[in-house]
Amino acid sequence: TEYEYNQENLARYSAWEIGDTMFINGKSTSLNSSLGFNYQKKDKLSFGIEYKNVYAPEKNGNIASELTARQNSMRRFFGKTVDDRNQSRKRHYINGYINYNFSEETSIQLNVDYLNLRQKESQEYFAGEDVMFTNTDSNNKLYAGKLKFVTPIAGGTLNTGVEGSYTNNDNDYRILDDTTIDNELNNSKNTAKTGLFSAFVEYERAFGKSWSMSAGGRFEHENFKYILNEEDKTRTINNAFFPSASIAYKSDDIDMSLSYRYTTRRPNYFMLRSSTAMNSPYSYEGGTPDLKNMQRNMLSFTLGWKDLQLNVDYGILKNYIIYTENMYQGSDSITIFHPTNIKDFQYMGVTAVYSPTLFKIWNPSFTVDITKQFVTYNGQKYDKPFVDLVLENTVTLPNNLILGADIDWNFEGNNDVQVEYSHFNFDAYCIKTFFKDKLRVKLAVENLFNTYYDNWYMNTNGIYSEKWTDQGRRTFSLSVKYSFNPAKKKYKGEAASSELNRF
């Protein structure tokens, strides 16, 4: 895979104004393979194991930029810089499962996971005659298991079980001796370990032909340990209970439900890294080792009536994670972009979708998506609604010909503490199938009018920053797909823990 695009960054803070005009290009190579087997004996017993490997020997990125730094309107730096970054990755993942059905309604299932992920990164940053060289090694492992039991009880279905996992994340960031650029960075090593045990239960029951309900809960015990530079050690133990409940009604024309769920989400290990890297002599980027887990209280209402679908969400989030900019360790000229917790974060989202069938061949879909935040960070409000309008069109013509056109138009509004500028996008495609749909040819164009850009600004802690990129530029594509003997996958294993998502 190859890519190239332009990007412009602007930052203003204190007496400084930093402008950066970039040309970014790169390529990546990835080899994916899998091997497994599945055994099933009638409807009683099934088991299997699957191995997946991802080998990405190279992911190279090059950023050529023109950097200008002004202090009190006086130019302090002007020059061309080059940032070369290389990454290699090896990922081994094994999942195994055993299912046993005591009857049509009573079953037990065991899933186990193993993950081994190794990653190496290097950076060569050139600014005039000065240079910075860094290396980063990352080693990640996961062991997880989940046992689930399902059985009928009191006219409903009981789903209960236990889950356990252990994850280990090691990072080693080094600034090499050949570095000559003046900087405020240091070598850093950290190890993060998480032991997690959970027990869960959920009960579901139908009342008559139209009504149903469910209620349950999950208890979690977490033992988290963080070691910084082999000396500074911290340990956190968390115990929490997370309830959930829902009620639903369904008839010939109406399908609706009301649900509540309380969950937790742990920061991924990249956010927890102790290292700080250079994006430019005036801009650093790093992790935050003391990030807290995020808790989410979510109330949701859904309604389906004929061709109309409506979804309303209201969320109260504690320790929500956002990215902000701060001055770096008391410096008056260097900023750092890193994640942080917001104590209180509330939002409401409304999504309406209308999908009729017109003239028997036209299937339009109209979507209105509105998100309203109620957020205050450091005394500043970030509550401008974000509105997204989408029109998708599919026309099915004779001779296995399908035409499509999609329009996406969203208006300026807050996304966390960022303000997304409005944009308009138009995609179109044509699909033709042959040989009873075995051969599929698709011609498509994305961003036909070249009006879609990634463009936003943010103002946090007295630092204003703005970004523009044309990464989503107009793209034409032709794809050809032939299906010989498609078969449904019979493997019934599933991930044993959501901790996989943290790598």
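Trainee: Why is Tyr-453 called partly exposed?

Mentor: In this predicted model, Tyr-453 has a relative accessible area of 29%. Buried requires under 20% and exposed over 50%, so Tyr-453 falls in between and is termed partly exposed.

Trainee: What makes Trp-468 count as partly exposed?

Mentor: The relative accessibility of Trp-468 is 24%.

Trainee: Why is the aromatic pair of Tyr-453 and Trp-468 called tilted?

Mentor: The ring centres of Tyr-453 and Trp-468 lie 5.4 Å apart, and the angle between the planes is 40°. Pairing needs centres within 6.5 Å, stacked needs planes under 30 degrees apart, and edge-to-face needs over 60; the pair is therefore tilted.

Trainee: Where do the two partners of this pair lie?

Mentor: Tyr-453 is in the loop between strand 25 (439–446) and strand 26 (454–460), whereas Trp-468 is in strand 27 (residues 463–469). The two are 15 residues apart.

Trainee: What makes the pair of Tyr-284 and Tyr-328 edge-to-face?

Mentor: Tyr-284 and Tyr-328 are 5.0 Å apart, centre to centre, with 75° between the planes. The distance is within 6.5 Å and the angle is over 60 degrees, so the pair is edge-to-face. Tyr-284 belongs to strand 13 (residues 283–286) and Tyr-328 to the loop between strand 15 (308–327) and strand 16 (335–354), so the pair ties together parts 44 residues apart in sequence. Both Tyr-284 and Tyr-328 are buried.

Trainee: How do you know that strand 12 and strand 13 pair?

Mentor: Strand 12 (residues 276–280) and strand 13 share 4 bridges in the antiparallel sense. At least two bridges are required, so the strands count as paired. Thr-276 stands opposite Gly-286 in strand 13, and the two strands form a hairpin with 2 residues between them.

Trainee: Why is Ser-333 called buried?

Mentor: Ser-333 has a relative accessible area of 14%. That value is under 20%, so Ser-333 is buried. Ser-333 is found in the loop between strand 15 and strand 16.

Trainee: Which residues does Ser-333 touch, not counting residues up to four places away in sequence?

Mentor: Ser-333 touches Tyr-13, Trp-16, Tyr-282 and Met-327. Ser-333 and Tyr-13 are 320 residues apart in sequence, with 8.3 Å from C-alpha to C-alpha.

Trainee: What makes Arg-273 a charge over the ring of Phe-270?

Mentor: The charged end of Arg-273 is 3.7 Å from the ring centre of Phe-270, and the distance criterion is within 6 Å.

Methods: Residues numbered from 1 in each chain as written. Predicted model: local features only at pLDDT ≥ 70, side-chain atom pairs only at ≥ 80, totals over all residues. Heavy atoms only, no water. Phe/Tyr/Trp six-rings, centres within 6.5 Å; stacked < 30°, edge-to-face > 60°. Buried < 20%, exposed > 50% of the residue type's maximum accessible area, 1.4 Å probe, protein only. Lys NZ or Arg CZ within 6 Å of the ring centre and 35° of its normal. Contact = heavy atoms within 4.5 Å.
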